[in-house]
Amino acid sequence: MGGSDSKLNFRKAVIQLTTKTQPVEATDDAFWDQFWADTITTVQDVFALVPAAEIRAVREESPSNLATLCYKAVEKLVQGAESGCPSEKEKQIILNCARLLSRILPYIFEDPDWRGFFWSTVPGAGRDGVSGREDGARPLAELLLLAVADLLFCPDFTVQSHRRGAPDTAEDIQTLDSCEYIWEAGVGFAQSPPLNYIHDLNRTELLKLLLTCFSEAMYLPPSSENNILNPWVTFFCSTDNRHALPLFTSLLNVVCAYDPVGYGIPYNHLLFSDYREQLVEHAVQILIVTLEHEGGAAPGHSQPLDSTGSPASLDDQDFVGPDNLFVNYLSRIHREEDFGFILKGLARLLTNPLIQTYLPNSTKKIQFHQELLVLFWKLCDFNKKFLFFVLKSSDVLDVLVPILYYLNDARADQSRVGLMHIGVFILLLLSGERNFGVRLNKPYAVRVPMDIPVFTGTHADLLIVVFHKIITSGHQRLQPLFDCLLTIVVNVSPYLKSLSMVASNKLLHLLEAFSTPWFLFSVSQNHHLVFFLLEVFNNIIQYQFDGNCNLVYAIIRKRSVFHQLANLPSDSASIQKALQRKKRSPEGISRTNSQETVSMEGSRPAAPAEPGTVKTSLAATPGTEALPTNPVLSWKTKLPLQTIMRLLQVLVPQVEKICIDKGLTDESEILKFLQHGTLVGLLPVPHPILIRKYQANAGTAMWFRTYMWGVIYLRNVDPPIWYDTDVRLFEIQRV
């Protein structure tokens, strides 16, 4: 009964706030306390009891009341941070203020006239509760962020108290060393504190408020200027926040240590709530939003780590690093055991949705893989030592397989185009390093449920088969990614020791599809795809001929495709004829002759988006600057066909002679002959290996910003923090 009474009282207070025409004095505590004192509510209750229309009405008609409400709520958080919340009542007040601010902030951000409100100092802030120290001169945003940072290390509220004995006296948050209260063992911290679901819930509520504070970025239109920084993130990740190091470490360790399967008891996720999952989800979202690059290091400015000295897990050398301490700390991790902990944790979480069990739906499937992919990208981008660690062990394949699974699964769903892009960007980044190509030669033994042909081969075969599937049966909006997909294959091709027959046929099918005259002439850039595929074949023939009899055989079988390319018509009449043929048959890349076979056990075909699915728009895909653009048809003379033509010239007569002499029809005998054949001295001089590395550009930072905020917008539906507010960074569309 008490719960419904408190909700009624809270609702009455909201109605009073919206109907009062005169400003309510900040000193009228009896009025303001109705919003947070004694109300037993959840964040969902607050969202239901404070409707959007009423927040906007107060903003327009009683602006001073909205300003006072925000100020008083922040004041309560500051008081709680100073007192250490010794009583249950004070803890409840803190949670209610956090929920209320999470509800109101998006409506502050959506109005340009209000956006600066939190960055102004409040008149009289030194009186009435907010301590009269110099903090009184701080803008409201800074007071709010510092209070939340303190409260995230508040003993008996968000962390385990270390105090023995007298339980009535609270530990002083202002003097405790929060590095001793890091939430989870891992990077730079050895002890694993006991799980406490109340602490996890309280941390989650505060992180939700923090994420809402950072979401001002959603209300600004997209801009490719790299120097536009989020003031909330900039301050929170600066030296003003004395908890920056332990908080960064806590967030990273909580994410990388999380094991959703736990002890593996079937259906355990249906029997009890996993409060750690909500915390992990918010932690990874806070990490990807705070790890914002500000376009370079602060010149000549060595960043101190912490008054306690840097932990052994961070580079101890004098470091001129970014002002953003989260980026600074991430870039300084260097111990192999820390890299191993991070990589294993991310691989475990990325692989989780792929787990096959005999009991359907018996294990928990996490849903935040897109955020994990962005975090993995930022780790590789900001910490090159981590990237090289990933590539020097075959553990990189534990990240590759789930990425290929997500790409294959999402290829037909236009609401997941962003996921396709981030997956391909990561593979493009990895493929720029020789070790990635070498690692792909490891046999693929794991059987992940994918609707792709069954094959026996390596991880390189898996990559090619999945890419072929994306190109031939993906959503049409994926066409801008074709260049990237083939660039990845080109980058790894010089190191591929033995392609399977299935993967070899897929590559030849792509060449066949891309080299039809109507496809080549219809768009001026389409010939790039043929150049990429020819480069793949040349690399494998010149650097890995010995083990690739399957590919050589596939080239011989499809030799007519190469002859047609060499004799491509260049007169305008023939080109017009080819384009007319396209108009009569407008279908995309044909799947005929792609030799589809039985799919892997347990797989489901990639499904299109469910009707009514909400998606967010993306910034333009940043280019990869792969090949120079030639005017139409000057490229024809540059087609790199010499190596393949020489191979065909030498091998085709030999293969035909064997078939006639021995009456062969069995391809295994031909493969055996090709296996022991050699082209030493017969091919043109090998060209130098050309690797196209991913180049970050102004568009990249903007693309990532719109993508990750779009993901966060769609993932936070309970409560729907930003739903129905005037977001400007992207558009919300129904599929």
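1. Is Ser 617 buried or exposed? With a relative accessibility of 17%, Ser 617 counts as buried, where buried means under 20% relative accessible area, exposed over 50% and partly exposed in between (1.4 Å probe, protein chains only). Ser 617 sits in the loop between strand E1 (614-616) and helix H28 (642-662); helices (H or I, at least four residues) and strands (E, at least two) are DSSP runs, numbered from the N terminus. Apart from neighbours within four places in sequence, Ser 617 is in contact with Phe 730, Glu 731 and Gln 733, contact meaning heavy atoms within 4.5 Å. A polar atom of the Ser 617 side chain lies 2.7 Å from the backbone nitrogen of Glu 731.

2. On the basis of the note: this is a predicted model, in which local features need pLDDT of at least 70 and side-chain atom pairs count only at pLDDT 80 or more, while totals for chains, interfaces and linings use all residues. Residues are numbered from 1 along each chain as its sequence is written, and side-chain values use heavy atoms, with hydrogens and water left out.

3. On the chain as a whole: there are 30 helices and 2 strands. Of its 735 residues, 56% count as buried. Among contacts between residues at least 6 apart in sequence, 79% join residues at least 24 apart.

4. On the nonpolar core: the largest one has 242 residues, and those with the most contacts inside it are Phe 35, Phe 118, Phe 214 and Trp 709. Such a core is a set of buried Ala, Val, Leu, Ile, Met, Phe, Trp, Tyr and Cys residues joined through side-chain atoms within 4.5 Å. Helix H6 (residues 88-109) gives the most to this core, with 12 residues. At least three residues of this core come from each of domain 1 (2-121 + 138-160 + 179-240) and domain 2 (444-580 + 633-694), with bounds from an automatic or database domain assignment. Leaving out residues up to four places away in sequence, the partners of Phe 118 include Cys 70, Leu 101, Pro 139 and Trp 232.

5. H24 is mostly covered, with 17 of its 18 residues buried.

6. On Ser 431: this residue belongs to helix H18 (residues 417-431) and is buried, at a relative accessible area of 1%. The side chains of Ser 431 and Asn 491 make a polar contact (3.0 Å). A polar contact is a pair of N or O atoms within 3.5 Å; within protein, one must be able to donate a hydrogen and the other to accept it, and residues adjacent in sequence count only if both atoms are side-chain atoms.

7. On backbone points to inspect: the peptide bond from Asp 718 to Pro 719 is cis, with omega near 0°. Cys 85, a residue other than glycine, has a positive phi near 45° and is buried, with a relative accessible area of 1%. Phi of Asp 156 is also positive, near 70°, and Asp 156 is partly exposed at 45%.
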